[in-house]
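Please read them beside the sequence and the structure.

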Amino acid sequence: MSGAGEAAVRVRGLTRRFGERAVIDRLDLDIAPGEFVALIGASGCGKSTLLRILADLDQEIEGEVEVPMRRAVAFQAPRLMPWKRVWRNVVLGLPPVRGQSQRARADAALAEVGLTHRAEVWPKVLSGGEAQRASLARALVREPELMLLDEPFGALDALTRLKAQALVGELWQRHRCAILLVTHDVEEALLLADRVLLMKEGVIAHELRVDRPRPRRVEDAELAAMRAQLLAWLGVGHAAGVAA
Ligand SMILES: Nc1ncnc2c1ncn2[C@@H]1O[C@H](COP(=O)(O)OP(=O)(O)OP(=O)(O)O)[C@@H](O)[C@H]1O
Ligand SMILES: [Mg+2]
């Protein structure tokens, strides 16, 4: 694993086997600096496996993987340490920077996700949406060039989810880091991403560029057509069977 140079992510011929089975099978992937990419695909197709590899949490691979040094991950479960106050969770394991207190850095990140008032509390008193925002603050404080998000809104109710989606869109516009967002939600992918990738049989089987202005609305007719296309590729919905 090494620095990605001009690209934020460059993957060539990536293979990950579990026993005999290659869950990822000679996969190629490029993500440009500052690009927002959504990754969809059937349950068990290998999305989290790919994200864990990009996060360097799994090294048992074949092939080339280049990612930036500064990257951050947020998972479906916020994974906060219950014995540390929220602000300490945000800066947990963060290397110190001279002239900046850890507290000030935590506060700045918490302010960005609207959690200033929750800095001092224990994680257990946070709502699901707040915990997820704390998890985003923990990613942001690292000033990543690449954010890896694995279904970060999966456990949230519909309204909180919409707010969290909007927040990620805003944070991305402000920080312009590359993002790889794993989601099951085709609409979420189309509202947020520059490009949607569909993973199937161990590779990126389809790709759709979402050339629509932001902020986007689900009512947009072109997005509706793209949604039908993605559902067809996924093999679900009324459009199933229209396209291979
Ligand atoms: N450590 C492991 N050992 C053995 N098999 C594994 C391991 N991790 C993942 N797998 C298998 O690899 C496949 C892909 O898993 P992965 O978690 O990447 O899927 P996913 O696309 O993220 O699915 P979901 O959408 O349900 O989260 C699954 O069949 C899973 O059982
Ligand atoms: Mg997964």
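1. Arginine 70 has a relative accessible area of 42% and is therefore partly exposed, and in this model, which is a predicted one, its side chain meets that of glutamate 145 in a salt bridge with an N to O distance of 3.9 Å. Arginine 70 sits in the loop between strand 4 (62-66) and strand 5 (71-74), while glutamate 145 sits in the loop between helix 4 (128-140) and strand 6 (146-150), so the contact ties together parts that are 75 residues apart in sequence. Glutamate 145 also counts as partly exposed, because its relative accessibility is 39%.

2. A second salt bridge joins the side chains of aspartate 185 and arginine 161, at 3.4 Å from N to O. This pair links distant parts of the chain, 24 residues apart, with aspartate 185 in the loop between strand 7 (178-182) and helix 6 (186-192) and arginine 161 in helix 5 (residues 158-175). Since buried means under 20% relative accessible area, arginine 161 is buried at 17%, whereas aspartate 185, at 22%, is partly exposed.

3. In total the structure holds 21 salt bridges. One of them is formed by the side chains of arginine 12 and aspartate 30, with 3.0 Å between N and O; arginine 12 belongs to strand 1 (residues 9-18) and aspartate 30 to strand 2 (residues 21-31), so that the pair, 18 residues apart, again links distant parts of the chain. Arginine 12 counts as partly exposed because its relative accessibility is 25%, and aspartate 30 counts as partly exposed at 33%.

4. Turning to the sheet, six strands form an open arrangement in the order 5-6-7-3-8-9, with mixed pairing. Strand 5 and strand 9 (203-209) stand at the edges, and because each has a single partner strand, one side of each is left without a neighbour in the sheet. From one strand to the next the twist averages 20°. Within this sheet, strand 6 and strand 7 pair in the parallel sense over five bridges, and aspartate 150 has valine 182 of strand 7 as its bridge partner.

5. Helix 1 packs on the sheet, where it touches strand 3 (36-40), strand 5, strand 6, strand 7 and strand 8 (195-200), and its direction makes about 150° with that of strand 6. Six of the eight residues of helix 1 (residues 47-54) are buried, which means that the helix is largely enclosed by the rest of the structure; the buried residues are Lys47, Thr49, Leu50, Leu51, Ile53 and Leu54.

6. Which elements give two or more residues to the lining of the largest pocket? The space in this pocket is about 540 Å³, and of the 23 residues that line it, Arg71, Ala72, Val73, Arg138 and Arg142 are the closest to its centre. The elements in question are strand 5 and helix 4, and strand 5 gives the most to the lining, with four residues.

Technical notes. Residues numbered from 1 in each chain as written. Chains lettered and ligands numbered in written order. Predicted model: local features only at pLDDT ≥ 70, side-chain atom pairs only at ≥ 80, totals over all residues. Heavy atoms only, no water. Buried < 20%, exposed > 50% of the residue type's maximum accessible area, 1.4 Å probe, protein only. Salt bridge = Lys/Arg side-chain N within 4 Å of Asp/Glu carboxyl O. Pairing = 2+ DSSP bridges. Axes fitted to C-alpha atoms, helices over the stretch in contact; angles between N-to-C directions. Contact = heavy atoms within 4.5 Å. 1 Å grid on protein atoms, 1.4 Å probe; cavity = no way out; pocket = protein on both sides within 12 Å on 5 of 7 lines; lining within 4 Å. Points joined across faces, edges and corners; volume = space filled by probe spheres on them.
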